[in-house]
Amino acid sequence: MANVAAINLENVTFSYNGGVVLDKVDLTVAENDFVWMVGPNGGGKTTLLKLVLGLLMPDSGHVRVFGQTPKTMRGRIGYMPQQTSLDLHFPITVMDVALMGRLGRAGSGGRYNAADRKAAEKALEQVGLADSARQLFSELSGGQQRRMYIARALTCEPDLLILDEPTANIDQLLQRELYQLFESLLGRMTVVMVSHDPAFVGQFVKQVVCVNRTVDVHPTGEVSSEMLGEWYRDRDLRIVRHDRRFTNGEDHA
Amino acid sequence: MPDLLSAILEYAFIRNALIAGLLAAVACGVVGSFVVARRITYVAGGIAHSVLGGMGIAGYLIAVHNWDAVTPLYGAIAAALLAAVVIGWVTLRARQREDTIIGAVWAVGMATGILFISQTPGYNQELMSYLFGNILMVSDSDLSILLGLDLLIVALTLLLYNRFLAVCFDAEFARVRGIRVEVYYILLLCLAALTVVVLVTVVGVVLVIALLTLPAAVAGLFSRTFRQMMIGAVAFCIFFIIAGLAVSYETNFPAGATIVLIAGVSYVLAIVVRWLIRRHRNPIAH
């Protein structure tokens, strides 16, 4: 098994109720690559991730994860969803949610063992939630919930980590810590991260996957701020403001 | 209460009523917590009412065709499991039709029951005890079936606890972890169906929902974990049933209705108590 791609999409088309979301998409992500996925809302990012997870089936084309169908490779994937429609009043602690990353392993039906707990504790510590392990899910802020889901994905100890907007709703200081965490994963596992926050990701990501009905892959340097600015015109003020200030500065000089 | 105690020692049927109540409390606390947390009260309601169909058919076969090996409880088990599988399967296949199929199973089950009961000699009394329960009529053989159902429910829940919890909390993530979500969801509905059967003997078809959800809801107000909620729900359910039996023994009120009213009043009190506790702890925020 020399050099099997972590993710391989071949000529994949997917539509919801007749509307084409992804059109003849080809994409290869090599093992241990760190990929940044961008694109406008509704452009098909989450759909693409769900195809990789085997939660959706393509209308045509092939999806392979580590050379196999997504369903058979699920044990090696850690997933953090973008939105969850979870019941906020569900009586469950942060630790119990993190432990769900250990599901699907042998004997995970009745009780989790010491190794499972250790993995969950480590993951909670990595996202800065070690002190909140015994807190109720309903007591967490939006940002804490996002971090809890990251921890749950890490608890899987995956070979492929899929993060759908991990830093939304998280304040600047914690964002920086999280990106340090992601940076520490470089080379240890394959990571696909959807993010609207180029300021940080651009520092250590080599490949940018642009999803907007079709998929283009660029080296990070090629992604111009005009390109991003067009997509995130209403969203990412940081880029736009940064460019404008710079221009103003030149004008005055 | 002392009267009830002496009655327990004196009369076998009151002893049986109490044992049936305790068995019901265990199933109701364990499965009711999942039902409340997963918000499938109305699925359980549909299953509960379909049970009347099974009991009606079984009663008819016993009275008219002399099927001696059958009891209405067998009919209830068959109907409840069938309803659980039908509702679960249709829900998973066509999500948006969930309420319609629940309504259909609910009403068709009752209609079937009423039809068969009407064709069974001496139907009036039967119908009332199916609808509103008759905990004072629980036989020894009924008790052993209830015990068997209880053991099955508790054993399966302990064995598959983490998976049930994950499927209830976040089905999509459970699926990504390789859990066969559909299988566990339908299995959970089947456990709810068996619990409904246990509860029907105590409070009857119409009042099952109250006993399945209220103890878990009260426990949920004061629990930090799902395990605590389950244990609390069992405890509250035991309390409601014993208190209900005691009051109904003193007053001659129907036992099922008394138990449900005590549960309902306790739920309201619990909400008030929790509100007071929160206000006491954090006077500014509320």
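This is a predicted model: local features need pLDDT of at least 70, side-chain atom pairs count only at pLDDT 80 or more; totals for chains, interfaces and linings use all residues.
Residues are numbered from 1 along each chain as its sequence is written, chains are lettered from A in the order in which they are written, and side-chain values use heavy atoms, with hydrogens and water left out.

**View 1. The two chains and the contact between them.**
Chain A has eight helices and nine strands, whereas chain B has twelve helices and zero strands; helices (H or I, at least four residues) and strands (E, at least two) are DSSP runs, numbered from the N terminus. Of the 253 residues of chain A, 52% count as buried, and of the 286 residues of chain B, 52% count as buried, where buried means under 20% relative accessible area, exposed over 50% and partly exposed in between (1.4 Å probe, protein chains only). Chain A contributes 34 residues to the contact and chain B contributes 25 residues, contact meaning heavy atoms within 4.5 Å. Between them the chains bury about 2,700 Å², with 59% of it on carbon and sulfur atoms; buried area is the accessible area (1.4 Å probe) that two parts lose on being put together, summed over both. Phe90(A), Pro91(A) and Leu103(A) supply 24% of the area that chain A buries against chain B, more than any other three residues.

**View 2. Helices α4 and α9 of chain B.**
The axes of α4(B), residues 72–93, and α9(B), residues 181–203, come within 8 Å and cross at roughly 150 degrees. This crossing makes α4(B) roughly antiparallel to α9(B), a description used for angles over 145 degrees, with those under 35 counted as roughly parallel, 65 to 115 as roughly perpendicular and the rest as oblique. Axes are lines fitted to C-alpha atoms, for helices over the stretch in contact, and angles run from 0 to 180 degrees between N-to-C directions. The crossing of α4(B) and α9(B) is right-handed; a crossing is left-handed if the near helix is turned anticlockwise from the far one by less than a right angle, and right-handed if clockwise. Among the residues that meet are Leu73(B), Ala84(B) and Trp89(B) in α4(B), and Tyr185(B), Leu189(B) and Val197(B) in α9(B). By class, this contact has 16 nonpolar, three polar and one charged residues, where Ala, Val, Leu, Ile, Met, Phe, Trp, Tyr, Cys and Pro count as nonpolar, Asp, Glu, Lys and Arg as charged, and the others, Gly among them, as polar.

**View 3. Helices α7 and α9 of chain B.**
Helix α7(B), residues 140–169, packs with α9(B) at an angle of about 145 degrees, with their axes 10 Å apart. The crossing of α7(B) and α9(B) is left-handed. The contact includes Leu146(B), Arg163(B) and Phe164(B) of α7(B), together with Tyr184(B), Leu191(B) and Thr201(B) of α9(B). By class, the contact of α7(B) with α9(B) has 18 nonpolar, three polar and one charged residues.

**View 4. Helix α3 of chain A.**
Lys118(A) lies in helix α3(A), residues 114–126, and counts as exposed at 61% relative accessibility. Ala120(A) also has its place in helix α3 of chain A, but Ala120(A) is buried, with a relative accessible area of 0%. Not counting residues up to four places away in sequence, Ala120(A) touches Met95(A), Ala98(A), Leu99(A) and Thr155(A). Lys118(A) and Leu99(A), 19 residues apart in sequence, are 9.5 Å apart in space, C-alpha to C-alpha, while the C-alpha atoms of Ala120(A) and Asp96(A), 24 residues apart along the chain, are separated by 8.8 Å.

**View 5. Helix α1 of chain A and residues with a positive phi.**
Helix α1(A), residues 45–52, is mostly covered, with six of its eight residues buried, including Lys45(A), Leu48(A) and Val52(A). Just after α1(A), Gly54(A) takes a positive phi of about 75 degrees. Most residues other than glycine have a negative phi. Lys24(A), in strand β2(A), residues 19–29, has a positive phi of about 50 degrees although it is not a glycine, and Lys24(A) is exposed, with a relative accessible area of 58%. Asn252(B), in the loop between α11 (226–251) and α12 (255–281) of chain B, has a positive phi of about 70 degrees although it is not a glycine, and Asn252(B) is exposed, with a relative accessible area of 70%.
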